[in-house]
Amino acid sequence: MADIRKNTVHTLDITGYTAEGMGVARLEGRVVFVPFTIRGERWAVRLEKVNKNVAWGRGVELLVPSSERIEPDCPLYGKCGGCQFRHMTYGEELHAKRQRIADALERVGRVKLDLPPVLGAEIPDRYRNKVQFPVSQGRQGLSVGYYRPRSHDVLDAPDCLLQPWAVTKLREAFQGWMEAHRVPAYEEESGKGLIRHLYVRTSSRGECLVCVVANGERLPREEALVEVLRQAEPRLAGVIFNANTKDTNVILGDSYRTLWGRDWLEEELCQLNFRLSVPSFFQVNRAQTQRLYSVALDFAQLSGTETVLDLYCGIGTISLALAKRAGRVIGAEIVPQAIEDARENAQRNKIDNAEFFCGDAGAVARHLAEEGLQPQVISVDPPRKGLAPDVPEILTGMAPDRIVYVSCDPATLARDVNRFAAWGYNAVKAQGVDLFPRTAHVETVVLLSKGEIDSQKVRVEFSLEDMDMSGFQKGATYGEIKAYVLEKFGLKVSSLYISQVKRKCGLEVGENYNQAKSENAKVPTCPPEKEKAIRAALKYYKMF
């Protein structure tokens, strides 16, 4: 038996990839994660962290290389947290992303589809149309760049292969202005200093919009800043100041002031025109977004007469594309500014069969269902955390013919696919689209169609050993309660604490669920603040 301890070295074969793009190997039953490796390779791996069933290692010698291995073309690769796949061919990266989608759908979603290859980008470099540089003053001097992996340590990045050349030039000019005028960077720990972020947005027309995010109400030498930025990039459209004086990780504050030029860019997408301000959401890869929306429109199978409900519609990009082929489109989004932009974009494109509501997606859908709306097609494009637990039931209760789900996270997508299946809507096809080449992120479109509910099948699938068995109880699962408490109260609670509070509330808990494993074992008691948060979650899910 091998000595499986920290700092021991073992010969391992890489067999696949994690969701984060690391290579996966096995060592006497343990899964070992090894970054910057490729399936089919053999490595001498030094273990850096060892748990009971999993370990993390670092490759120290490549014994058998893959034919898909290439020399990384970025000097910051491995130091910056932006890219995960620059050590392999783009074809191998697309294979890894396809496998990630397939694994998530099969293991979590309980569905196996004939998944086609991921639609890759024709140009996998310099595609990002929005870049946000954190700014920091450290031992090595002023840094305007990106965070190192799993940290808030800013790595100075003179260039990045994901950003346009115009962004590189503007970043250099901005850093020079800060150094020339001794403008202090913001310090997270103390809350002192001024410059927090440099934000640059570009358009397919070649225009640029710069926003400086600061911990204050003004910038020193504003005219000098505008001048150096205009000299660096002739296609600069405007320079914006944003004040963010809050102790928060949120990048943008609420206050904007135009220092020069205009505060928006125009962009074309799917033969539609959009006006983008600094806070407007717009996918970072325009060319691949057009392919993504083309897939979504194909899955929607519109004939021109359908009513479509589009949840999480943002500034109306998908909604307006759908409206060109549908009878009526209703969009919903919780961000008020986005809804204002969506309505303005509809007017700009002379689309009069789209209407927009501001509110939580679940609340808007529930209200529309109560009003008797029965859309033939529902489109959802939620944030990375996916749909709220109650949304699938609300949507399926509206009895649409088809649901088109666009997702930026295969794991939460697969979880929601499983939830939809319980209400009779099953995934019939899926397509991955690579909006983020050289990173571990990937978009997926899934088509859900109504079918008969097989109660026996649902019961068997949910009883598999790696599923949360608490899901059989009335109301939310333990995982959903944990997620609600973390999101609403910022507290992490254990299953033990949840079961204790459920017992106090007279709710059913498994006979031996989270009980002490021995008579003399000391069982921790749920603290009052966490009990209060758990009770709030139980009320939210109408469990008492």
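1. Helices (H or I, at least four residues) and strands (E, at least two) are DSSP runs, numbered from the N terminus. Buried stands for under 20% relative accessible area, exposed for over 50%, and partly exposed for what lies in between (1.4 Å probe, protein chains only). A contact is a pair of heavy atoms within 4.5 Å.

2. A word on the basis of these notes. This is a predicted model, in which local features need pLDDT of at least 70 and side-chain atom pairs count only at pLDDT 80 or more, while totals for chains, interfaces and linings use all residues. Residues are numbered from 1 along each chain as its sequence is written, and side-chain values use heavy atoms, with hydrogens and water left out.

3. Back to H1 and its geometry. The helix covers residues 90–107, and its 18 residues should span 26 Å at 1.5 Å a residue; the end C-alpha atoms are 26 Å apart, which agrees. The expected span here is 1.5 Å times one less than the number of residues. The buried residues of H1 are Tyr90, Glu92, Glu93, Leu94, Ala96, Lys97, Arg100, Ile101, Asp103, Ala104 and Leu105. Two of the H1 residues, Glu93 and Lys97, also belong to a network of salt bridges with Asp434 and Arg438.

4. Next, the open sheet. Its 6 strands come in the order E1-E5-E6-E4-E3-E2, and the pairing is mixed; two strands pair if DSSP finds at least two bridges between them. Strands E1 (9–13) and E2 (16–17) stand at the edges with a single partner strand each, so one side of each has no neighbour in the sheet.

5. How is E1 held to E5? The two run antiparallel and are joined by 5 bridges, with E5 covering residues 42–50. Val9 has Arg46 as its bridge partner in E5, and Asp13 has Arg42.

6. Now the charged pairs. Side chains of opposite charge can pair when their charged atoms come close. A salt bridge here is a side-chain nitrogen of Lys or Arg within 4 Å of a carboxyl oxygen of Asp or Glu, and by this rule the count comes to 30 salt bridges. One of them joins Asp159 to Arg126, with the closest N and O atoms 2.8 Å apart. That pair links distant parts of the chain, 33 residues apart: Asp159 sits in the loop between strand E9 (154–156) and helix H2 (165–180), and Arg126 in the loop between H1 and strand E7 (130–138). Asp159 is partly exposed at a relative accessible area of 22%.

7. Two further pairs are worth a look. Glu344 and Arg348 form a salt bridge at 2.8 Å, N to O; they are 4 residues apart in helix H6 (residues 336–348), which means a separation of about one helical turn. Glu344 is partly exposed at 35% relative accessibility, and Arg348 is partly exposed at 23%. Arg275 and Glu266 also form a salt bridge, their closest N and O atoms being 3.9 Å apart. Arg275 is partly exposed, with a relative accessible area of 29%, while Glu266 is buried at 17%.

8. Arg196 deserves a check. This residue lies in strand E10 (residues 195–202) and is buried without a salt bridge; the nearest side chain of opposite charge, Asp247, is 6.1 Å away. Lys and Arg count as positive and Asp and Glu as negative; His and the chain ends are not counted. A polar atom of the Arg196 side chain does lie 2.8 Å from the backbone oxygen of Asn244. Beyond four places in sequence, Arg196 touches residues including Phe133, Tyr186, Asn244 and Thr248.

9. Lastly, Ser277, in the loop between strand E15 (272–276) and helix H4 (286–300). At 18% relative accessibility, Ser277 counts as buried. Its side chain makes a polar contact with that of Ser280 at 3.0 Å. Such a contact is a pair of N or O atoms within 3.5 Å; within protein, one must be able to donate a hydrogen and the other to accept it, and residues adjacent in sequence count only if both atoms are side-chain atoms.
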